[in-house]
Amino acid sequence: MENNRSKLNRELAQMLKGGVIMDVTTPDQAEIAQEAGACAVMALERIPADIRAAGGVSRMSDPKMIQNIQAAVSIPVMAKVRIGHFVEAQILEAIGIDYIDESEVLTPADDVYHIDKTKFQAPFVCGARDLGEALRRIEEGASMIRTKGEPGTGDIVQAVRHMRALNSAIRRVRSMREDELFETAKQMGVSCSLLQSIQKNGRLPVVNFAAGGVATPADAALMMQLGAEGVFVGSGIFKSGNPGKRAAAIVQAVTNYKDSKLLAQLSDDLGEAMVGINEQEIHLLMAERGK
Amino acid sequence: MTIAILALQGAFAEHKAMLDRLGANCFEIRKLQDLSRPFDGLILPGGESTVMKKLLRDLYLFDPLFSKLQDGLPVFGTCAGLLLLAKRVTGGEPCFGTLSVTARRNAYGRQLESFYTNQDFGGLGSIPMPFIRAPYIEQADDFVTVLSQADNHIVAVREQYQLATAFHPELTGDPTVHRYFLDMIEERANQQMTHLSFHQDCKTWQAGSLSPKMGLCLTKTENN
């Protein structure tokens with residue numbers, strides 16, 4: 001039964017593929033996101049750009065606010081908990097959340113341990129900067145992976161770095177001799193059986209999305225061409241001039257990510273993009289949280 | 001035989017993997033130009049029906065696909081695909097509305113209510129069925145054939161050359177339902193050939209020289 005649950009949870013992520021998951025902070029925004037073609041929404045009190053600006057400790061959102069968003073839309077609703085805060089995760093599971101994001105965007109609650117996600121019925125998505133991190137999260141029970149990127153910046157550079165690091169590591173593992181896998185597993189801090197499955201299948205055993213810094217249809221298509229199976233958009237939509245239009249354009253860009261003519265049309269007249277901050281200008285690197 | 005898979009969002013790659021295994025040709029439909037290739041059947045995959053509905057309109061795919069469905073193009077919808085075909089949708093709006101059933105969206109509840117079961121499919125034996133935030137069919141009109149039931153709800157139906165399941169056979173590795181769909185396409189091709197031969201007989205043409213293969217070719221021309 002336990003196994004079935006983790007399989008069902010991985011399969012829900014398969015249904016999200018080719019889609020865009022959007023950060024929303026109110027039921028109204030959730031409806032705009034659903035109408036624009038979001039395949040799921042991430043309910044949170046403040047979007048990452050505002051969390052960054054406000055500083056202080058950032059926690060799981062008010063369950064009441066999440067429930068209002070659940071009531072407003074028919075698509076899956078996700079919400080974030082602090083890294084290692086398994087009680088916040090228990091609370092989200094109790095209100096019937098569809099996916100829990102154990103997220104570096106919030107202030108970590110545990111600087112050593114992540115949540116033992118195998119103890120939950122609800123599925124988890126976790127951030128990763130490279131193959132080792134992704135596999136460690138999968139062994140802890142994550143049923144979906146996303147790049148960490150650098151949330152709330154509108155700067156795509158870190159998401160690109162993480163996606164490239166992960167996929168090139170998979171290619172390296174594919175080309176290894178079997179006896180080399182043991183040492184690599186040791187270096188990565190992961191089990192050899194998981195690496196063997198990577199070598200055999202040439203991909204993660206779970207769905208892998210891009211997240212962190214996606215602000216334009218071109219950013220979304222870039223991540224898809226680099227091998228993402230779908231895209232999270234956080235601050236990029238509701239920090240921009242025309243959220244509905246930008247959201248719909250990003251949705252189409254993810255479906256037709258190789259069609260440059262369409263991408264050109266989609267990039268027309270979108271209004272102002274979020275201002276963004278360069279990675280060199282920020283003091284807090286959220287991606288460094290939770291390895 | 002060539003199958004087109006609607007690849008706007010969702011689990012379309014899993015259908016392709018299953019068709020590859022069964023040796024059927026297939027290609028993805030992501031935009032209008034993709035429809036210029038001939039195909040004998042269409043798969044509407046699982047995913048979010050709201051997303052697919054919006055993209056069908058935004059990418060100008062709705063009208064041409066709708067007219068193909070009205071012409072009797074064989075179609076197979078899983079989960080969200082069932083919702084796209086259903087004439088009536090509880091908790092949502094219909095899309096193509098060519099399948100004479102009432103489907104209830106998110107009928108079992110949220111992800112925590114997703115489940116597996118094994119049930120008979122159309123008398124072909126018991127098959128594994130994953131239900132993921134799935135719909136079920138509340139009511140099917142009299143002329144619709146019920147192929148599977150689970151928990152007293154209808155979860156697989158056929159109406160003429162339309163096949164729909166509330167569950168995801170593409171995730172299980174069991175090819176029963178996909179094979180059934182391919183047989184359905186063949187059946188239609190054969191029927192059209194018979195129809196054509198009859199038609200040609202009337203015009204005193206040589207109907208006997210038509211092979212099933214040619215029948216299929218002619219079907220394609222008719223469809224496009």
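This is a predicted model: local features need pLDDT of at least 70, side-chain atom pairs count only at pLDDT 80 or more; totals for chains, interfaces and linings use all residues.
**Exercise 1.** Classify the aromatic pair formed by A:F209 and A:F232, and state which parts of chain A the pair ties together.

*Solution.* A pair of aromatic rings is described by the distance of the centres and the angle of the planes. Rings pair if their centres lie within 6.5 Å, and planes over 60 degrees apart count as edge-to-face. Next, locate the residues: A:F209 belongs to strand β7 (residues 207-209), and A:F232 to strand β8 (residues 231-233), so the pair ties together parts of chain A that are 23 residues apart in sequence. Over all chains, the count of aromatic pairs is 12.

**Exercise 2.** Determine whether A:F209, A:F232 and B:Y108 are buried or exposed.

*Solution.* Buried means under 20% relative accessible area. A:F209 has 0% and is buried. A:F232, at 5%, is buried. B:Y108, with 17% relative accessibility, also counts as buried.

**Exercise 3.** Describe the pair B:Y108 and B:F115, and name the aromatic cluster that contains these residues.

*Solution.* The ring centres of B:Y108 and B:F115 are 5.0 Å apart, with 70° between the planes, and the pair is edge-to-face. Both residues belong to one aromatic cluster, together with B:F131, B:Y136 and B:F167.

Methods. Residues are numbered from 1 along each chain as its sequence is written. Chains are lettered from A and ligands numbered from 1 in the order in which they are written. Side-chain values use heavy atoms; hydrogens and water are left out. Rings of Phe, Tyr and Trp (its six-membered ring) pair if their centres lie within 6.5 Å; planes under 30 degrees apart count as stacked, over 60 as edge-to-face and the rest as tilted. Helices (H or I, at least four residues) and strands (E, at least two) are DSSP runs, numbered from the N terminus. Buried means under 20% relative accessible area, exposed over 50%, partly exposed in between (1.4 Å probe, protein chains only).
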